[in-house]
Amino acid sequence: MSLLTFDKNELGNLEYSLQREMLATDRIGGYMSTTIVCCNTRRYHGLMIAPIDAGDRTYVLLSSLDETIVQHNQTFNLALHRFKGAYEPRGHKYITDFEYTPTPTITYRVGGVILKKELLWIHKRTQLMIRYTLIDAHSETKLRLRPFLAFRDKHALTHANMEADGHSYPAINGVKCRLYGSFPWLYLQTSKPDAEFVPAPDWYYNFEYQQDLARGYEGHEDLMTTGYFETELKKGESIIFSASLDEMGSTKTIEEVFAASIARRTHKIDFVSCMEHSARQFLIRRPENRTEVIAGYPWHGVSARQSFVALPGITLTQNHKEDCIEALDTQVRAMQNGMFTGNASAAVQVDAPLWFFWTLQRLEKEIGGAEIWARYGKAMKEILKSYKQGIDGRVIMNDNGLIWAASDKPLTWMNAVVNGEAVTPRNGYQVEVNALWYNAVCYALELAEKNGDATFVKSWKNLPAKIRQSFNELFVLSEGYLADYIGVEGVNAFIRPNMIIACALPYKPIEETICVDVIRTVRQHLLTPKGLRTLSPRNPLYKGSLEGSPEERDLAAKNGSVWTWLLAFYVKACFDIDGAKFVSQAEESLEAFNEEIQTYGIGSISEMFDADPPFASRGAISQAWSVAAILDICAMIRENQPVKVVKKSARKSSTAK
């Protein structure tokens, strides 16, 4: 597959460059994200966005850093901002190159001046470093660096106010700033002791974020600058700018940290290496020994459902079983009264605890069933018992063995709400929930029997047959596919992708012939080059494009929009039927993503796509279960490659005739 490259001739074209966003994370909850020309188009963009305490909230501290070249008393501002419909300054016209690997690197040319800028997020600490190297210059050249500060929640916007502290305070090779007393100090330092910091506190007004406005949100804010650094650079010389929550001790320390960090960066040379790098960005380590999965950048937090679905793809496909175990252990440690807590509880996400069993099935291939039962058997039994007894009056197991889930708030992954009403009301028996329930019970029984837990086996052994019978009686439709859910109003026969999950689980509640019918229906109505639609185009509720106001986008997201995570289950269902014969089709299913990693969120896969061609990228620029799905498909292709039989050529007789 092709390398991750960008058209140098198009970098100055804002329609090209502003549609390409980069992301770097520190693996502890912080990140940097902006466009490849460093123009922020979202409130979620910034050079330093990080948690500042043990909580899960993250804050935009350093929004941007303006670079200005000074020669012969003339200034050339390399930055790019949009203010109330106009771009000023227009530094993108000086950009001659952008490289993504091993770290985002931009090259500027101003007359005879060539300046290279390398942006580097330091792993496992809240620190951004930017190295500027003067590649060429024919006269005295100065570099001016002006930081713009926000100090606000990433979901919010800030505006000029009298409470902000615009002062800068001395630090080694720089200054420290803190706009508000509730925040930690932000240390702004350089690797050159003679770089002067000029105090010049001021508010800059009406930065405009186009993507926020396009999504129907407020998109203007004011940012504070406390001053700027200025230093002379000679040809071939570099200066490193550091923004950190910890003060760096010296010039040598700054240079050593940068050199050591960039040396460890992997090169994203092809499609798979991009996916593997992207996968590692979702796994974060919090205080108190918590390992969690960020659902998507830049605005999503932790979702248990998405964590369990994504974990095998983002960890096990790279042989990182320890990461998978740590994330699972984080959830298990927080269990109360036989159920996960937070949004991992079935009372909030009815299927989340059932995906836990599916994740364990994937992990078993790495550590064995005996180890799974020893580590997680107790949790598995407690979770199943909770479903059986009922959870918060919202989730109950009925006499037919199936799980009924109903609440005033949607409990499945189709959880969008508009004006207080569920966009896709699914109260009742949901097809994927009950398929996962069947799979979970069967898997627990398998492990219990193998590991001598006779008490559990005796109590649960008759349930799978009841679930299976009820599932087939209620969900299998004469039209050749599965009902999406059965509620008090009866059977909902909308053609949605949730039914494919029933065909892709290790324990399937339906016969193979029914799976074949489901796959045929999915191909006819839902399959696209980017994943599965959430509703058949023949349905009057179908929305082909995810644009407009938040309400309009919520209506489309689960009534048409394409989700990549579902593609992995379609591919798995097909492999379960066709085996190695499906390899070529599985390989074709990845073709469309080759170009995808060079647009929108570069090096990653977005949250979803439009349901109609050309299937434009939508939602978060980098989504955990989207990336996991691609890596899972890659793994399935490797596992199902037909064995090549090498025929030995017949040897000639050594005896002369």
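Is glutamine 306 buried or exposed? Glutamine 306 counts as buried, because its relative accessibility is 13% (buried is under 20% relative accessible area, exposed over 50%, partly exposed in between, with a 1.4 Å probe and protein chains only). This is a predicted model: local features need pLDDT of at least 70, side-chain atom pairs count only at pLDDT 80 or more, and totals for chains, interfaces and linings use all residues. Residues are numbered from 1 along each chain as its sequence is written, and side-chain values use heavy atoms, without hydrogens and water.

Glutamine 306 sits in helix α5 (helices are DSSP runs of H or I, at least four residues, numbered from the N terminus). Beyond neighbours within four places in sequence, glutamine 306 contacts Ala295, Gln623 and Trp625 (heavy atoms within 4.5 Å).

The second largest pocket holds about 580 Å³. Its lining has 32 residues, and Arg362, Lys365, Lys572, Met636 and Glu639 are the closest to its centre. A pocket is an open set of points on a 1 Å grid where a 1.4 Å probe fits, with protein on both sides within 12 Å along at least five of seven lines; lining residues have an atom within 4 Å of a point. Helix α18 gives the largest share of the lining, 9 residues.

| Lining class | Count |
|---|---|
| Nonpolar | 18 residues |
| Polar | 4 residues |

Asp, Glu, Lys and Arg count as charged; Ala, Val, Leu, Ile, Met, Phe, Trp, Tyr, Cys and Pro as nonpolar; the others, Gly among them, as polar.

How values were computed: Grid points are joined across faces, edges and corners, and a volume is the space filled by probe spheres set on the points. Helices (H or I, at least four residues) and strands (E, at least two) are DSSP runs, numbered from the N terminus.
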